[in-house]
Amino acid sequence: MKYLLKWRSWVIASAMIFSATNIALPQVQAAKVTQPANVIMMVMDGSSNNAVTLSRWYKGSNLALDAILTGAVRTYSAESALTDSAPAATALATGHKSNRKFVGVLPAIVNSPGLAQLAKDDATRPVANVLEGAKQQGMATGLISTSEIQHATPAGFSAHVKNRSQYDDIAEQQVYQDIDVVLGGGFVSLIPGTTKNTRKDGENLVNVLKEKNYDIVKTRDELLKSTSSKIWGSFAPNALAYNIDRPFTRASEPTLAEMTSKAIQTLKQHDKGFFLFVEGSKVDWAAHANDTIGIISEILAFDEAVQKALDFAKVDGHTMVIAVTDHGNSGITMGNTNTTKTYASMPVSNFIDPLKKAKMTLEGALSRLKQDQSNMIEVAALYGLTDLSKDERTTLTASRNVSKEMGQMLAKRANIGFTTGGHTGEDVFLYSFGPSTITGLVDNTEIAYAMAQFMSFDLNKLTKDLYIPATKAFTEKGYTTKIDLTDKENPKFIAQKKDITLTIPVNKNIMIYEQASSNMTKTYTFDTINVYNGTDFYVSKKVLDAVN
């Protein structure tokens, strides 16, 4: 039986108060959930309602998403009506609006109408996310992305940094979060080196993963064969291939549906339930490029993953599935300026048939382009641009941005419109399924609170327990403190009292205890990470409880 979480309209106030110690929970009414309660949170990054509609027409039948449409979501950030992925993920994961580029921390700037200003001490303070809450409940956890796993949206559910480009910090935090199943790209951020995107702090996180007993897999076959309860799948140096390109360019990579299915199979073995985050990342990338084929193929790949989640949830009976877009992108429309006077008589085939000719995305097709561009006609055909006119051939061969020109040509042939190469601010569809579903028009922050309530924990209390300002807390315990930035890539918090020295390294879940009088050194390991936001270190209550 489906029970509804009935949201009162004024609950959006929860998104308007940012103090980590004083944020009102949404008012909800929900049936008691049979334990263990599982949550599968799914995000198709940078999609839109129009893009979903186009994808349905392209497929020629209903989507898995269609059956679980329950509402809509407001996506604005703390400073803009058009959000970046980092604050959007932060809102969905923590229940807090934030600023562009900020991941898992409170904003420093609040410009959106109706939002309360922050207390000075709360600016950029880390706030707990639902994955961390699930861990504290003893649940298993998983993280999946078709981009680098360190990208903004998966980072929002697993890390805390002031800039989404801090891949070294994000990767390290994810490794020391001890997430049970992690699947995606971004292998270069796990290893030290001097090439682009490799780690600058000298730490080899692959070795750390081995010490933590992960089964490290790098191909689809290795993933599907794994029988481990802890899996780290890193299938590409950076992002995974577009789904439609994969058979031609990187056949060894798993699909999003395969990763989702494997993660569920692995996590469901845990007797206290699980939380799984799944992102279809490259809808957004295709939308930025105005690549109609990329958008459609990635939405359909995401929809296949949603079907895997629903197949499990329908049998399981106590799993909440949520699927949503974090923000719009590109302003894609079926219909453009060419259809102003003809739209009412245009058959669907006028939109879809030109798109069906494409075999690859812009990225995939252009990966086949020779340096001298001698095979331009063949490459254009891979993107559905057959029978090029003389003007079209001239345009492509003379262009400094072949990708842009090809995207515009196919869109024109298919009567598709784009308003921008950036994000857009419309409300987006909300999809949910399970013993408790979310209905109506809600703020993106409310989704985090709904998941937390379903898993039986308080997000605000969690932040108080997990992210305590270390300088003040240790000073109150009689310690002399400092933040050691001698090695700028490896900041450390140091607290000293008498002959005792405590060293807390950034991004890890450990504290090193040294007592000079007894020549003793001991390393404490905790179930949460230490975070440095450039101003102060933040540690959990358990770290403080471990010292006198």
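Predicted model: local features only at pLDDT ≥ 70, side-chain atom pairs only at ≥ 80, totals over all residues.
Colleague: Which residues of H16 are buried?

Modeller: Relative accessible area decides: buried is under 20%, exposed is over 50%, and partly exposed is in between (1.4 Å probe, protein chains only). In H16 the buried residues are Val-402, Met-406, Gly-407, Met-409, Leu-410 and Ala-411.

Colleague: And what covers the buried residues of H16?

Modeller: The cover includes helix H11 (292-316), helix H12 (349-356), helix H13 (362-366), H14, H15 and strand E12 (416-417). Look just past H16 too: Asn-415 takes a positive phi of about 60°.

Colleague: Where does Asp-387 lie, and is it buried or exposed?

Modeller: Asp-387 is in the loop between helix H14 (376-382) and helix H15 (390-398). Its relative accessible area is 72%, so Asp-387 is exposed. Its phi is near 50°, a positive value in a residue other than glycine.

Colleague: What is the phi of Ser-456?

Modeller: Positive, about 70°, although Ser-456 is not a glycine. Ser-456 sits in the loop between H17 and helix H18 (459-466). At 46% relative accessible area, Ser-456 is partly exposed.

Colleague: Now the sheet. What is the order of its ten strands?

Modeller: Strands of a sheet pair through backbone hydrogen bonds, either parallel or antiparallel. The cut-off here is at least two DSSP bridges between two strands. The sheet is open, its pairing is mixed, and the order reads E6-E7-E5-E4-E8-E2-E9-E14-E3-E16. Strand E6 (215-217) and strand E16 (440-443) stand at the edges with a single partner strand each, so one side of each has no neighbour in the sheet. From one strand to the next, the twist averages 15°.

Colleague: In which sense do strand E2 and strand E8 pair?

Modeller: Parallel: E2 (residues 38-44) and E8 (residues 274-280) share six bridges. There, Val-39 stands opposite Phe-275 in E8.

Colleague: How many bridges join E9 to E14?

Modeller: Four, and these strands run antiparallel. Ile-322 stands opposite Ser-432 in E14. E3 and E14 also pair in the antiparallel sense, over four bridges. Val-73 has Val-428 of E14 as its bridge partner. Five of the six residues of E14 are buried, so E14 is largely enclosed by the rest of the structure.

Colleague: Which helix crosses H17, and at what angle?

Modeller: Helix H2 (residues 85-94): its axis and that of H17 come within 5 Å and cross at roughly 35°. Axes are lines fitted to C-alpha atoms, for helices over the stretch in contact, and angles run from 0 to 180 degrees between N-to-C directions. Contact itself means heavy atoms within 4.5 Å. From H2, Ala-91, Leu-92, Ala-93 and Thr-94 meet Asn-444, Thr-445, Ile-447, Ala-448 and Met-451 in H17.

Colleague: How many aromatic pairs are there?

Modeller: Rings of Phe, Tyr and Trp (its six-membered ring) pair if their centres lie within 6.5 Å; planes under 30 degrees apart count as stacked, over 60 as edge-to-face and the rest as tilted. By this rule the count is eleven. Phe-274 and Phe-312 have ring centres 5.8 Å apart and planes at 40°, so this pair is tilted. The pair links distant parts of the chain, 38 residues apart: Phe-274 is in strand E8 and Phe-312 in helix H11. Both Phe-274 and Phe-312 are buried.

Colleague: Which residues form the aromatic cluster?

Modeller: Phe-474, Tyr-479, Phe-493, Tyr-532 and Phe-537. Within it, Phe-474 and Tyr-479 make an edge-to-face pair, 5.7 Å centre to centre with 85° between the planes. Both Phe-474 and Tyr-479 are buried.

Conventions:
Residues numbered from 1 in each chain as written. Heavy atoms only, no water. Helix = DSSP H or I, 4+ residues; strand = E, 2+ residues; numbered from the N terminus.
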